[in-house]
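Visitor: I'd like to learn how to read this model. Could you walk me through it?

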Amino acid sequence: MIADLIIKNIGKLATCKSNGTKSGKDMNNIEIIENAYISIKDGKFISIGSKDDYYNMIGEKTEVVDANGLLVTPGLIDSHTHLVHGGSRENEFYKKLLGVSYIDILKQGGGILSTVNATKISTKDELYNKAKKSLDRMLEFGVTTVESKSGYGLELDTEIKQLEVAKELNHNHPIDLVHTYLGAHAIPLEYRENHDEFISKILEDMNKIKELDLAEFCDVFCEDSVFSVEESEFILKKAKDCGYKLKIHADEIVSLGGAELSAKLGCISADHLMAASEDGIKMMAKENVVANILPSTSFNLNKSYANARKMIDLGVSVAISSDYNPGSCPSENLQFAMQLGCLGLKMTPNEVLNAVTINASYCIDRQYEIGSIEVGKKADFVIFDSTNIEYLMYHFGINHVDRVYKGGKLVVKDKHVCYNN
Ligand code: IZC
Ligand code: ZN
């Protein structure tokens, strides 16, 4: 078969190929092909090999690119973000440094609720342009697929506005987006004494959003002073009946039993887990719930890191995401989260790379399309300005990307976006 594009002279090709989620000791295994090439046709990988075995795929129109001996990995996947929102929260930054907690700020009507106000008063264009800027940054860091949550409306119209912006961006931007409805993100002040009434509104809204086909996943912020385990269970069960796949913000600050609930309900991922119990982790391993850990949030809130080593020892599949949001993680930089995967979570560089590629693809149910470099999968890949995986985590705080390809098209060159539109 004649290829559209061939990348030759790849020093190390980290395919991240796997027959399922990577877990336990297997999380540290990465198939590496040295002196490799990849060839692409119609946006997909058609052949992967070593040395010069690509000659018979070169036609008149084939573009052959020299990777100059560098490292190539699958496009990175950010499977937990609060991408679309209005405003920013630097006004709360110093308060936090003085020791006022994230939840106390929320209880005072700030935090998520202040972003809800900023999102309500933003026009669609404003939300679109702000989120597009963030997506460009993510792409420049090597991210080619992003999960994007709503949750800054807490009423139907603004939730729809956020989800529609994400849908338009999915259409117009090279990054593929996966959409999550997070109507249960906070309790508006007027419902503080009446959670049940607010929850019944969420149930109505989730049906409408499903009818409009605006979200594939449903998520709940299960946390002390936000949604209890019982409330989260009630909401997520209804979401499942409505056709959503499930996610949960679990045991981020207080050990409530969110990990246990994720296993009980068959969530695809449980996210955060800084305070997850050992029983909860064991239950997640048994039910194959992916632990989606967000170490940049631990860093930014100056909190402890999730116990990734224990999770891996107990057989849980671990993914890592940015949690990009205006409160607890105002940074789009997934490479920084990867570096904290080593420095904070004590994961190995190989485990971290699997966590942001193949395991992250499972968090968004895209494991058959992306997450590894395999024949038939979408040709999303990154050429790093590095000859090995370790260097990406060791040399921290900088962007290691050389070039990014999305569906076989060059979208980042010399560290800057170069797609048309
Ligand atoms: O805006 O604070 N944790 N939700 C749960 C967030 C962080 C986003 C925010
Ligand atoms: Zn979150």
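What follows is a chat about the sheet, the metal site and the pocket.

Guide: Keep in mind that this is a predicted model.

Visitor: Let's start with the sheet. What is the order of its eight strands?

Guide: As a general idea, strands of a sheet pair through backbone hydrogen bonds, either parallel or antiparallel. Here the eight strands run β6-β7-β8-β9-β10-β11-β12-β13, paired in the parallel sense, and the sheet is open. At the edges stand β6 (76-78) and β13 (318-320), each with a single partner strand, so one side of each has no neighbour in the sheet. From one strand to the next, the twist averages 25 degrees.

Visitor: How many bridges join β12 and β13?

Guide: Three, and the pairing between β12 (residues 290-293) and β13 is parallel. For a spot to look at, find N292, which stands opposite A319 in β13.

Visitor: Which strands does helix α6 touch?

Guide: Helix α6 (residues 195-211) packs on the sheet against β8 (176-184) and β9 (217-220), and its direction makes about 150 degrees with that of β8. Then take helix α12 (residues 334-343), which also packs on the sheet, touching β6, β7 (143-149) and β13. The direction of α12 makes about 95 degrees with that of β6.

Visitor: On to the metal. Which residues coordinate the zinc ion (ligand 2)?

Guide: With a metal site, look at the donor atoms, then at where their residues sit in the chain. The zinc ion (ligand 2) is coordinated by the NE2 atoms of H80, H82 and H249, at 2.0 to 2.1 Å. In sequence these donor residues are spaced H-x1-H-x166-H. H80 lies in the loop between β6 and α1 (93-97), while H249 is in strand β10 (residues 245-250), so the pair ties together parts that are 169 residues apart in sequence.

Visitor: Is H80 buried or exposed? And what about H249, buried or exposed?

Guide: H80 is buried, at a relative accessible area of 0%. H249 is buried too, with a value of 3%.

Visitor: Last stop, the largest pocket. How many residues line the largest pocket?

Guide: The lining is made up of 24 residues, and F93, K96, N300, L301 and G327 lie nearest the centre of the pocket. The space in this largest pocket comes to about 500 Å³.

Visitor: Which elements give two or more residues to that lining?

Guide: Those are α1, α2 (102-107) and α10 (295-301). Of the elements, α1 gives the most, with three residues.

Terms used:
Residues numbered from 1 in each chain as written. Chains lettered and ligands numbered in written order. Predicted model: local features only at pLDDT ≥ 70, side-chain atom pairs only at ≥ 80, totals over all residues. Heavy atoms only, no water. Pairing = 2+ DSSP bridges. Helix = DSSP H or I, 4+ residues; strand = E, 2+ residues; numbered from the N terminus. Axes fitted to C-alpha atoms, helices over the stretch in contact; angles between N-to-C directions. Contact = heavy atoms within 4.5 Å. Donors = N, O, S within 2.8 Å, 3.2 Å for Na, K, Ca; no water. Buried < 20%, exposed > 50% of the residue type's maximum accessible area, 1.4 Å probe, protein only. 1 Å grid on protein atoms, 1.4 Å probe; cavity = no way out; pocket = protein on both sides within 12 Å on 5 of 7 lines; lining within 4 Å. Points joined across faces, edges and corners; volume = space filled by probe spheres on them.
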